[in-house]
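Trainee: Could you walk me through a structure the way you'd read it yourself? I'd like the general idea each time, then the case in hand.

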Amino acid sequence: MDLFRKAILHPGPPQDFALQTVQQAIKPQKQVKLVQDENQLLENILRTLLQELVSAAVQSGEEIMQYGQPIDDGDICRGQIPRLLDIVLYLCEKEHIEGGMIFQLLEDLNEMSTMRNCKDVFGYIESKQDILGKPELFARGKLVMLRTCNQLLRRLSKANDVVFCGRIIMFLAHFFPLSERSAVNIKGVFNTSNETKYEKEAPDGSSIDFNFYKTIWSLQEFFSNPGSLTPALTKWQKFSSSLTVVLNTFEAQPLSDEEGSAINLEDEGSNFSIKYLTSSNLMGLELKDPSFRRHVLVQCLILFDYLKAPGKNDKDMPSDTLKEEIKTCEERAKKLLEMMPPKGKEFLHSIEHILERERNWVWWKRDGCPPFEKQPIEKKLAQETGRKRRPRWRMGNKELSQLWKWADQNPNALTDPERVGTPAIMDYWKPLAEDMDESAGIEEEYHHKNNRVYCWKGLRFSARQDLEGFSRFTEHGIEGVVPLEILPAEVRSKKYQAKQADRSKRAKKDDTRGSLQQVEESQSATPPANEIDMDGSRNENEGSGAGGESDGMMALSVDVSQGDTTATPDEHQKQSSDGDGDGDGLEAGQIEAEVGMNNTIVDGEMDAEVDLDVVA
């Protein structure tokens, strides 16, 4: 403890001597960070020292934060207690000691101080807000700081210490993040302890309407606890009837512009009203006060907004008839606010904006208070909206530029005889042949046939060195170009024997289809026998000499089409006599020559078909 007393009086910034003082006092196992037992020992020493300093300050009659000889820390002169707090804060910030120790000392200091001294202590807390709010310290001491501020608020008077209470609330709002759930009323509990007391019986000699007095002040019971209206229908009926009386009175007694201008809204004192007096003697004056009327009407809008708030269960939601009543009363209240001087429209617009923001908060709490903070987006080298510039290469493209660069680095690369070397076709297709072996277990993604550059180069090599393999590309694909000698035996037998069997079956099927087609054509070209007889009899009856030639040609064509390739001598003689009768018929030699040619053609076609069948 004596070491820390000397350290407090040491001039200069805390980083010059703070860590050395802790090492001399505690003698830790580690040089720069204390373990749990060492932290507890140091905390007890510091709390005891702080208590002694506060006791000495109280006995001397000096203010706590100004007690002792002023010490120059480089910027300003401080007392001994702020000096001690600065040393502990530095050690906590650098993680030499436990981070929550500074918060514990601040809580002890507030508990030992009077309200006058608490203002100075809280001023020190406000000055160190940025350091206390760092993540490594905030996570350790946020609950202690919240407890300290709540204890201060309980000790302060809401009427006399309004400014100090506001400072504490503003500090909490800045110190805690926006999504901190400790400051959020998740369940929506109302402050039912805030009761409004008013006169229950009319005083003697009162000149006001006492029933209206009780009616308007009875609304505060429902305003303080809006959740009690929906479950009990009787309470809503009572509230609705009381509110109707108040709205009717406001509408029957509108305020003039002179009465509205009597209160200046720009004056700070005119807007600062915590609670109105409930004396019946003041009822007449309060009715003429536009601020009083606006307080009542704004409370009505807040209550209606709560009843229509999202996120409620079906049981808590109002019925259809209740919704209509709420809508009617809400429209009347807004109309009164709009007509009320001064600046009624502006005031109504501000209230509607505030209620809209409140509904957003309700949705946020209903969703479980998700955090508002977002991680910062990393800065990109090029802006998304900006136009990207295409890279410019020295030789026109990336590949040529890289080759040129390699040539500069290695001049012998261009004269190397192995630089221009075409690989053998067997060596080049060997990786693809290994991939085709199913026992190798090569995945489809890493198969060489999926590499377009590899396949394109291989086709060029095959076109130069293996033209037979290159011709198999159209039928078997890229795998068919691989030479048969390097293919595995299983792949060779499975792939190509199946292809040959399919090709032979296809050839036989085509031959069978062709022969059937020829038979059908010959049958369709041969006329029936009765048609021939009818034509012959018609020609004989007509006795026309011009039909000799046509008869001869018809007989020849019928014989050839029916497959009778050998004509008898009698038929030749008859045909020749018929031709002579006309004078311009065909010669017998010509007919024989044509018949011979037909026989030769038919025999040749039959021999060719037989040879194809044998080959197949």
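Predicted model: local features only at pLDDT ≥ 70, side-chain atom pairs only at ≥ 80, totals over all residues.

Trainee: Let's start with the helix. How many residues does α4 have, and what distance does it reach from its first C-alpha to its last?

Mentor: In general, an α-helix has 3.6 residues a turn, so residues three or four places apart point the same way. Here, α4 covers residues 80–93, which is 14 residues, and reaches 20 Å, close to the 20 Å expected at 1.5 Å a residue. After the helix comes Glu-95, with a positive phi near 65°.

Trainee: Is α4 mostly covered or mostly open?

Mentor: Mostly covered: 13 of its 14 residues are buried.

Trainee: On to the core, then. Which residues touch the most other members of the largest nonpolar core?

Mentor: The background is that in soluble globular proteins, nonpolar side chains tend to be buried together. In this model the largest nonpolar core has 56 residues, and those touching the most other members are Leu-42, Ile-81, Ile-102, Leu-109, Leu-132 and Met-145. Several helices supply at least two residues each, including α1, α3, α5 and α8. The largest share, 9 residues, comes from α4.

Trainee: What does Leu-132 touch, leaving aside residues up to four places away in sequence?

Mentor: Its contacts include Leu-89, Ile-102, Phe-103, Ile-125, Phe-138, Met-145 and Phe-175. Apart from this core lies another, of 38 residues, with Leu-219, Phe-223, Phe-250 and Ile-326 among them.

Trainee: Now the charges. How many salt bridges does the structure hold?

Mentor: As a rule, side chains of opposite charge can pair when their charged atoms come close. This structure holds 18 salt bridges. One of them joins Lys-128 to Asp-86, at 3.9 Å from N to O. Lys-128 sits in the loop between α6 and α7, while Asp-86 is in helix α4, 42 residues apart. Both Lys-128 and Asp-86 are buried.

Trainee: And how far apart are the closest N and O atoms of Glu-93 and Lys-134?

Mentor: They are 2.6 Å apart, in a salt bridge. Glu-93 belongs to helix α4 and Lys-134 to the loop between α7 and α8, so this pair ties together parts 41 residues apart in sequence. Lys-134 is partly exposed, at 29% relative accessible area.

Trainee: Which residues are linked in a network of salt bridges?

Mentor: Look at Lys-308, Glu-330, Lys-334 and Glu-352, which are linked that way.

Technical notes:
Residues numbered from 1 in each chain as written. Heavy atoms only, no water. Helix = DSSP H or I, 4+ residues; strand = E, 2+ residues; numbered from the N terminus. Expected span 1.5 Å × (residues − 1). Buried < 20%, exposed > 50% of the residue type's maximum accessible area, 1.4 Å probe, protein only. Core = buried A, V, L, I, M, F, W, Y, C linked by side-chain atoms within 4.5 Å. Contact = heavy atoms within 4.5 Å. Salt bridge = Lys/Arg side-chain N within 4 Å of Asp/Glu carboxyl O.
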